[in-house]
Amino acid sequence: MKEAYEETLIMPVVPLRGMVILPETVTHFDISRVSSVAAVETALHKNQKVFLVAQKEVEKEKPLFDDLYQTGSIARVVQVLRLSKQTRVVVKGLERARLNYFIDEIPYLTASVTPVYDVDTMEYDDERDTTHAAMIQNLKEMAIEYLRGNEALLEDSLARFDSTGDLSTLIKIVGAIVKLSFPEAQSFLEECRVYERYEMLTSFLAKSLQVRFIRAQLQQQVKEKVDKNQREYVLREELKLIRDELGDSAYISEAEEFETALQKLEADKEVKDKIEKEIKRFQHVGNNPAEGGVLRTYIETMLEMPWDKTVPDYENIGEAKKILEADHYGLEKVKERILEFLAVRALTKKGESPILCLVGPPGTGKTSIAKSLAKALRKPYQRISLGGVRDEAEIRGHRKTYVGAMPGRIANALKLAGVKNPLILLDEIDKISTDYRGDTFSALLEVLDSEQNVKFRDHYLEVPIDLSQVLFITTANTLQTIPRPLLDRMEVIEVSSYTENEKLHIAMEHLIPKQLERHGLTKKMLTFSKSTIWKMARNYTREAGVRQLERKIGEICRKAAKEILEAGADAKTIRITEKNLVKYLGKEEFLFRKANDDDEIGIVRGLAWTSVGGDTLQIEVNLMPGNGEILLTGQLGDVMKESARAGISYIRSIGDELKIPEEYFTKHDIHMHIPEGATPKDGPSAGITMATALVSAITKRPVRKDVAMTGEITLRGRILPIGGLKEKLLAAKNAGIKTVLLPLDNKRDLDEISTEITEGLEIIPVSQMDEVLKIALR
């Protein structure tokens with residue numbers, strides 16, 4: 001046995017948080033301190049050893065000498081792995097050592113350490129050898145018992161145990177195997193005396209073996225309890241037979257209650273036969289909790305479904321019209337279609353319920369109109385949000401054999417409505433997604449097909465459901481993501497953007513009263529002028545609907561409520577005008593792009609449709625000497641780029657008429673740009689606008705400042721129709737445009753646009769590009 005203290009060593013130090021590395025241990029840990037990373041990497045590259053010592057407080061980022069335990073382990077760095085946020089180090093503990101003092105802290109912590117060896121206090125004689133042999137045998141047996149259950153580690157440890165005849169070495173090996181807690185490991189590391197280290201180790205092993213024994217006893221008790229429950233189940237079955245023999249009529253089972261409910265149920269024979277069959281199965285499962293629970297839930301669901309229960313159709317078309325007009329301003333097409341349905345149903349006493357799809361920008365009242373329709377028709381209302389639904393089972397349900405199975409959303413909506421002819425809103429149908437669990441859109445084909453939904457089959461219910469009397473209303477922001485077969489089954493009604501006059505009426509009649517009530521205010525406390533609503537709609541919101549406008553009104557109400565409470569008895573009526581609007585809502589958030597001040601060359605105002613309504617686009621063209629390159633910027637989509645190239649090809653084809661030299665396009669570069677480059681733009685409707693800007697730039701003829709245009713151009717100069725006409729005309733009017741050029745084929749759409757929008761606009765339908773150039777160019 002060596003002396004207790006020998007040579008002094010200088011080596012890198014790595015402070016550890018909440019862990020102790022013992023000799024003979026191969027393990028890994030993560031470090032993030034720059035100095036610790038530098039220490040282990042240096043030790044690895046220079047084949048040096050490191051001193052690993054635990055911190056007394058893990059929160060210390062830069063521990064001082066007194067913040068570390070004085071005893072640690074000298075270790076060899078086996079591997080260093082650089083991870084994303086930290087470094088993983090693999091080390092092997094070699095021997096214990098005591099920390100003397102720090103030497104340096106840069107670039108990493110260096111210290112003087114002294115190796116510490118075991119101290120054997122027993123004299124060297126025959127009795128010592130006998131005692132050591134007994135201690136070695138006892139420790140081996142306890143360690144082997146501790147390792148039972150981990151065969152791989154046990155096999156490896158047995159070989160090491162057999163090759164070890166020294167007590168001190170065996171203690172190190174066993175200490176590296178057992179899972180000591182942090183305080184136990186540090187105390188074990190600091191103890192130098194062999195017999196005390198032996199006592200600590202055997203005490204831990206004895207405690208661990210006792211805990212294992214107690215756990216085994218508890219597991220046995222649990223097993224016996226399960227067996228007891230099984231025995232009780234058998235006895236209950238026997239008791240049931242005894243009661244049947246005695247004819248004990250006082251015992252009313254759940255199955256009998258289900259039978260009573262089935263007799264009162266309004267349903268056809270197929271449904272009743274199915275329920276009766278499941279009730280009989282339920283009678284024979286006894287107290288099996290698994291199967292009994294599944295059958296009980298299924299029977300209860302079937303009994304709650306409104307198989308033949310209906311609510312009478314409301315035939316007072318005048319009253320229904322009043323309700324629709326009172327709840328919503330505008331949306332004339334939707335209201336008209338519902339009143340037509342009511343009229344047909346009143347005359348024929350039958351007829352298929354329409355399946356309507358309301359398509360339009362956010363905030364235009366699609367979801368709320370459905371609730372008003374249910375109110376006008378006196379039907380129960382159920383809303384199903386389909387946004388993000390990607391599992392077919394959400395529509396058709398899960399088969400009841402699955403754990404936690406339930407009906408689909410359609411069947412569940414019917415159950416909640418309590419009748420078979422409610423109004424069901426399928427909200428955000430365009431935001432359904434599809435993955436490996438099935439095509440949700442395909443599942444809706446049967447639901448929304450009036451020829452098929454008479455026998456809609458939910459996987460959970462397993463019997464057909466009649467959906468033909470359900471009034472389905474669906475909503476969507478766009479039709480592009482809805483498959484054509486599904487779209488073909490619905491009657492699409494476009495809900496267009498609101499005009500400023502419509503927003504004024506909606507705000508005055510609906511939004512302001514709603515927000516005043518919500519914030520505890522009255523009309524005497526807070527008033528809004530019409531010009532204020534117009535300014536809020538134009539300069540503080542940019543939307544097709546009124547959702548943001550309602551939020552702004554709510555914001556004003558909150559600030560007004562605060563002012564009124566602060567003023568107390570001296571509070572006066574707060575009047576919101578254009579002048580003091582900035583006080584409540586801050587500076588204007590949006591500025592409409594107005595018409596240009598002067599006629600300019602190569603700059604044309606176009607009209608565009610966006611998801612929040614119409615807008616104007618300023619298209620600019622510059623020509624530079626070059627070799628005929630065409631540069632298109634402004635984050636343009638592929639369709640828009642193709643429209644620009646089609647316009648350029650058309651202009652080149654009529655170069656003689658415009659007196660453009662043949663070599664012009666080979667000696668000049670064309671740069672076409674649409675400002676607001678961060679906003680993606682696409683679509684063919686800017687074709688004539690880009691062509692006009694290019695002709696203006698080439699011929700040096702200025703474009704009229706009060707003209708805007710929209711239309712798709714062909715290679716022969718024909719102008720094709722476009723969509724979103726109402727929104728585009730509204731944007732032109734707001735921008736101060738006087739003359740609008742649009743495709744001749746869109747002339748028929750003007751009849752559906754209110755005079756509020758077209759008043760003050762000179763709308764000129766055009767069919768050829770030469771007509772556009774005659775009007776737009778000076």
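Predicted model: local features only at pLDDT ≥ 70, side-chain atom pairs only at ≥ 80, totals over all residues.
The crossing of α17 past α19 is right-handed.

Next I listed who touches whom. From α17 I noted Lys503, Ala507, Leu511, Ile512, Lys514, Gln515 and Leu516. On the α19 side I found Leu549, Glu550, Ile553, Gly554 and Cys557. Sorted by class, this contact has 7 nonpolar, 2 polar and 3 charged residues.

**The sheet**

In what order do the strands of the open sheet run? I read β8-β9-β12-β7-β13, 5 strands with parallel pairing. The edges are β8 (381-385) and β13 (491-494), and each of them pairs on one side only. From one strand to the next, the twist averages 20°.

Then I checked which helices sit against these strands. Helix α11 (residues 332-348) packs on the sheet and touches β7 (355-359), β12 and β13. I get about 145° between the direction of α11 and that of β13. Helix α14 (residues 409-417) lies across β8 and β9, and its run is at about 155° to β8.

I also zoomed in on one strand pair. Strand β9 (residues 423-427) and strand β12 (residues 471-476) run parallel and are joined by 4 bridges. Here leucine 425 stands opposite isoleucine 473 of β12.

Is the peptide bond from isoleucine 106 to proline 107 cis or trans? I found it cis, with omega near 0°. Proline 107 belongs to the loop between β5 (87-104) and β6 (110-116).

Asparagine 47 has a phi of about 55° and is in the loop between α1 (34-45) and β3 (49-54). Its relative accessibility is 66%, so asparagine 47 counts as exposed, the cut-off being over 50%.

Glutamate 462 has a phi of about 70°. I located glutamate 462 in the loop between β10 (456-457) and β11 (464-465). At 29% relative accessibility, glutamate 462 counts as partly exposed.

Conventions
Residues numbered from 1 in each chain as written. Heavy atoms only, no water. Pairing = 2+ DSSP bridges. Helix = DSSP H or I, 4+ residues; strand = E, 2+ residues; numbered from the N terminus. Axes fitted to C-alpha atoms, helices over the stretch in contact; angles between N-to-C directions. Contact = heavy atoms within 4.5 Å. Left-handed = near helix turned anticlockwise from the far one by under 90°. Nonpolar A, V, L, I, M, F, W, Y, C, P; charged D, E, K, R; others polar. Buried < 20%, exposed > 50% of the residue type's maximum accessible area, 1.4 Å probe, protein only.
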